[in-house]
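Subject: Structure for your review

Dear colleague,

Please find below the structure that I am handing over to you. My findings follow directly after it.

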Amino acid sequence: MGKDEQDQNLFRHMLEFEESLHIFYFIAAFLAFIGFCYWLSSPQVIYGGSLRVHQFESMSAEEYVALMKRATVIAVPDEVKGWPAHSDIPYLLSIADSPNYAGSAVSEHTNTWFQTLPYQSTEGITAVILLKAIKEGAFHPYMTDKYPPDKDEILAWARAEAEKMESERAVNPR
C-alpha cells in the first residue's frame, strides 16, 4: 500500500468518524431536549428553601396548597401553632377528595438526602392533614402518600365546624 493510498484511507476514516460524531451529537442533543421537557412537565423540587413560622402566619391554606402543587418537598418548622385558620375549613373540605398532585412537607431538621425521595401526595391528603392541624391547633410536617388513619373522623369534625360557621354567618351577616 502506497503513501497516497494510506493518506486516502486515513482521510476516509476521519470523515466517517466525523459523520459518526455528528450523529452522536444530534442524538445527545435530542435526548437532552426530551429530558428538559420532562423536567419542565414534572413538579420542581424546592431544595434549600423552607417556610418559616412568619410565612405561615400570612399564608392561607389555599396559598399553601397552590405552593405544594408546584413542589416535591418543602422544609417546614416542626410545629406551627394556630395555623391554618379556622376560616380555611370550607376550602379544605372542597378539595378533601382531590387526587391532584401536591408535594410533601418535611421537618427543617430532616437530612437532605431524605428529601430527594420521590414522595408524592395529593391535594386531598394535604387538605385532610391541614384540617387535622386546625382541629389539633398546630401544623406539623408530613411526608406521605396516604390519608391519615383518622380521615373520616377529621372530615366529620370539619363538616360540623363548617355547618356551625354557616349558621353563624346566617345569624350575623356582615
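Leu 51 touches Phe 56, Met 59, Tyr 64, Leu 67, Ile 74, Ala 75, Val 76 and Pro 77, leaving aside residues up to four places away in sequence. Please note that the model is a predicted one.

Leu 51 belongs to the largest nonpolar core, which has 34 residues; Leu 51, Phe 56, Tyr 64, Leu 130, Leu 131 and Phe 139 are those that touch the most other members. Two or more residues of this core come from each of helix H3 (61-68), strand S1 (73-76), helix H4 (89-94), helix H5 (123-136) and helix H6 (151-171). The most is given by H5, with eight residues.

Helix H3 has Ala 61, Tyr 64, Val 65, Leu 67 and Met 68 as its buried residues. Seen down the helix axis, these fall within an arc of 160 degrees, so they line one face of H3.

As to the overall arrangement, the protein has six helices and six strands. From the N terminus on, their order is α-α-α-β-β-α-β-β-β-α-β-α. Of the 174 residues, 33% are buried. Among contacts between residues at least 6 apart in sequence, 75% join residues at least 24 apart.

Phe 30, found in helix H1 (residues 3-41), is partly exposed, at a relative accessible area of 46%.

The salt bridges number nine. One of them joins Glu 108 to Arg 52, with the closest N and O atoms 2.5 Å apart. Glu 108 lies in the loop between strand S4 (104-107) and strand S5 (121-122), and Arg 52 in the loop between H1 and helix H2 (53-57), so this pair ties together parts that are 56 residues apart in sequence. Glu 108 is partly exposed at 33% relative accessible area, and Arg 52 is partly exposed at 40%.

A further salt bridge links Arg 169 with Glu 166, where the closest N and O atoms are 3.1 Å apart. These two residues of helix H6 are three residues apart, a separation of about one helical turn. Arg 169 is partly exposed at 45% relative accessibility, as is Glu 166 at 47%.

Yours sincerely

Methods
Residues are numbered from 1 along each chain as its sequence is written. This is a predicted model: local features need pLDDT of at least 70, side-chain atom pairs count only at pLDDT 80 or more; totals for chains, interfaces and linings use all residues. Side-chain values use heavy atoms; hydrogens and water are left out. A nonpolar core is a set of buried Ala, Val, Leu, Ile, Met, Phe, Trp, Tyr and Cys residues joined through side-chain atoms within 4.5 Å. Buried means under 20% relative accessible area, exposed over 50%, partly exposed in between (1.4 Å probe, protein chains only). Helices (H or I, at least four residues) and strands (E, at least two) are DSSP runs, numbered from the N terminus. Contact means heavy atoms within 4.5 Å. The arc is that of the directions from the helix axis to the C-beta atoms. A salt bridge is a side-chain nitrogen of Lys or Arg within 4 Å of a carboxyl oxygen of Asp or Glu.
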